[in-house]
Amino acid sequence: MHKILTLNKIASKGLDLFSRDLYEVASEIGHPDAIIVRSQDMHSFEIPETVKAIARAGAGTNNIPVDTCSQRGIVVFNTPGANANSVKELTLTGMFLASRKIFRGMEWVKSLVGRGDEIPALVEKGKKEFTGNEIRGKKLGVIGLGAIGVDVANDAERLGMIVSGYDPFISVEAAWGLSPSIKKAETLEALISESDYISVHIPLNDQTRGILNRERFSRMKRGVKVLNFSRGGLVNNTDMLEAIQAGIVDRYVTDFPDDSLLREENVIAIPHLGASTPEAEENCAVMAARQLITFLETGNILNSVNFPDCSMPLTTGTRIIIGNRNIPNMVGQITTILAEESMNISEMINRHKDGYAYNIIDVESPGTDALLTKLKGIEGVVMARIIDKK
Ligand SMILES: NC(=O)c1ccc[n+]([C@@H]2O[C@H](COP(=O)([O-])OP(=O)(O)OC[C@H]3O[C@@H](n4cnc5c(N)ncnc54)[C@H](O)[C@@H]3O)[C@@H](O)[C@H]2O)c1
Ligand SMILES: O=C(O)[C@H](O)COP(=O)(O)O
């Protein structure tokens with residue numbers, strides 16, 4: 001029986017995939033094998049020793065201590081693209097909200113309650129206070145052309161915007177999905193200096209923290225509208241407020257408000273609703289659950305952020321999975337131990353990603369606890385598990 005701990009509420013369409021004869025799923029559970037989480041901050045959460053995998057039902061994994069997980073051999077998954085459409089739709093909404101004073105106009109109209117037959121005339125007289133611009137023909141700069149950035153870029157272009165993108169690490173798949181008329185910006189500086197709208201769609205990490213800061217605001221066009229549906233930490237809020245006061249940024253639309261931002265009327269603050277649609281929540285939960293089930297039952301890895309994608313069809317016999325630091329002579333030491341134990345390898349695959357490697361080894365005889373202890377004893381091995389196939 002595998003035990004799955006849920007942090008946050010996870011859509012039942014995903015949780016239902018864990019068959020109850022093989023899995024126990026609960027928000028409180030002892031000795032979990034795996035965790036499913038959304039945005040709960042896990043940096044101060046004590047991850048139980050028994051945890052083999054964590055699945056983030058969503059895109060951003062900055063709420064998970066990924067480096068610590070890697071060192072402990074815990075495979076961290078996310079669900080790339082599963083909530084992209086939901087975020088794209090809200091980003092486009094944000095562009096319209098930043099362009100037209102819809103919200104202020106609506107608030108003003110509500111203030112007319114009780115004015116009876118005067119209202120139509122008051123509306124016609126007052127509406128000039130709430131005019132705005134169209135987005136067609138304006139320049140949009142998209143920072144980060146992943147699942148969300150590509151969707152935003154393509155749909156903004158369909159709406160008549162002139163779109164440029166900046167992503168030095170764009171994947172081949174994303175590049176295939178990008179409309180060919182979207183311009184490639186060679187530098188971030190070039191992108192931000194020519195854009196009327198800037199939308200940021202990159203992960204928060206040590207390289208991207210504060211990527212929009214005073215220096216970058218100083219290069220932007222006066223009146224630019226900035227959209228952040230990625231993470232609050234990507235923008236230096238003190239510098240943003242300064243740029244708004246200086247008239248450089250006309251509107252800042254963010255899904256990640258803080259106290260300082262809420263005091264500024266040109267900030268359009270949204271309570272982290274990017275992925276809060278039933279469609280996105282279900283897509284993420286289903287993808288996260290499938291990835292965990294596959295990993296726990298077969299050892300195959302798909303969409304991990306800290307270990308490589310690595311899969312081999314599951315046949316019969318015994319499967320050994322081993323994660324190790326990506327250093328020389330690991331495969332040699334592993335296969336030597338298997339030879340010492342007289343184990344014949346029928347299939348084997350080894351992949352690496354950044355600092356870690358992963359091996360799937362199918363053998364013809366059953367594995368033993370002694371074997372597992374020996375494998376775990378190799379300097380650099382961070383996890384090892386034996387899966388007995390039916
Ligand atoms: N508001 C929400 O509810 C919500 C929902 C989903 C995702 N997000 C956030 O949006 C981010 C993007 O999501 P995604 O699904 O598009 O992820 P993704 O991994 O598909 O795309 C991220 C892209 O950013 C690029 N990138 C990384 N560093 C960069 C840099 N310094 N400059 C330019 N490009 C860079 C990568 O190459 C990649 O193409 C997530 O990391 C998450 O933080 C927010
Ligand atoms: O990174 C993500 O996928 C989003 O920020 C969504 O977060 P949520 O699952 O808490 O809505």
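This is a predicted model: local features need pLDDT of at least 70, side-chain atom pairs count only at pLDDT 80 or more; totals for chains, interfaces and linings use all residues.

Reader: What percentage of the 390 residues in the protein is buried?

Author: Buried residues make up 39% of the 390 residues. A residue counts as buried if 20 or more other C-beta atoms lie within 10 Å of its own, as exposed if 12 or fewer do, and as partly exposed in between, with C-beta atoms placed from the backbone. Residues are numbered from 1 along each chain as its sequence is written, while chains are lettered from A and ligands numbered from 1 in the order in which they are written.

Reader: What does Lys225 touch, leaving out residues up to four places away in sequence?

Author: Lys225 touches Ala98, Asp196, Tyr197, Asp250 and Arg251. Touching, or contact, needs C-beta atoms, placed from the backbone, within 7 Å of each other. Val249 is 24 residues from Lys225 in sequence, and their C-alpha atoms are 5.9 Å apart.

Reader: What makes S13 and S15 a pair?

Author: Two strands pair if DSSP finds at least two bridges between them. Eight bridges join S13 (residues 318–325) to S15 (residues 356–363), so these antiparallel strands pair. Gly323, for example, has Tyr358 in S15 as its bridge partner.

Reader: Which strands form the open sheet, and in what order?

Author: The order is S14-S15-S13-S16, four strands with antiparallel pairing. S14 (345–353) and S16 (381–388) are the edge strands, each pairing on one side only.

Reader: Which residues are around ligand 2?

Author: They are Arg38, Ser39, Gly58, Ala59, Gly60, Asn83, Gly274, Ala275 and Ser276. A residue makes the list if its C-beta atom, placed from the backbone, lies within 6 Å of the molecule.

Reader: How many residues of that shell are nonpolar, polar and charged?

Author: Two are nonpolar, six polar and one charged. Ala, Val, Leu, Ile, Met, Phe, Trp, Tyr, Cys and Pro count as nonpolar, Asp, Glu, Lys and Arg as charged, and the others, Gly among them, as polar.

Key. Helices (H or I, at least four residues) and strands (E, at least two) are DSSP runs, numbered from the N terminus. Two residues are in contact if their C-beta atoms, placed from the backbone, lie within 7 Å.
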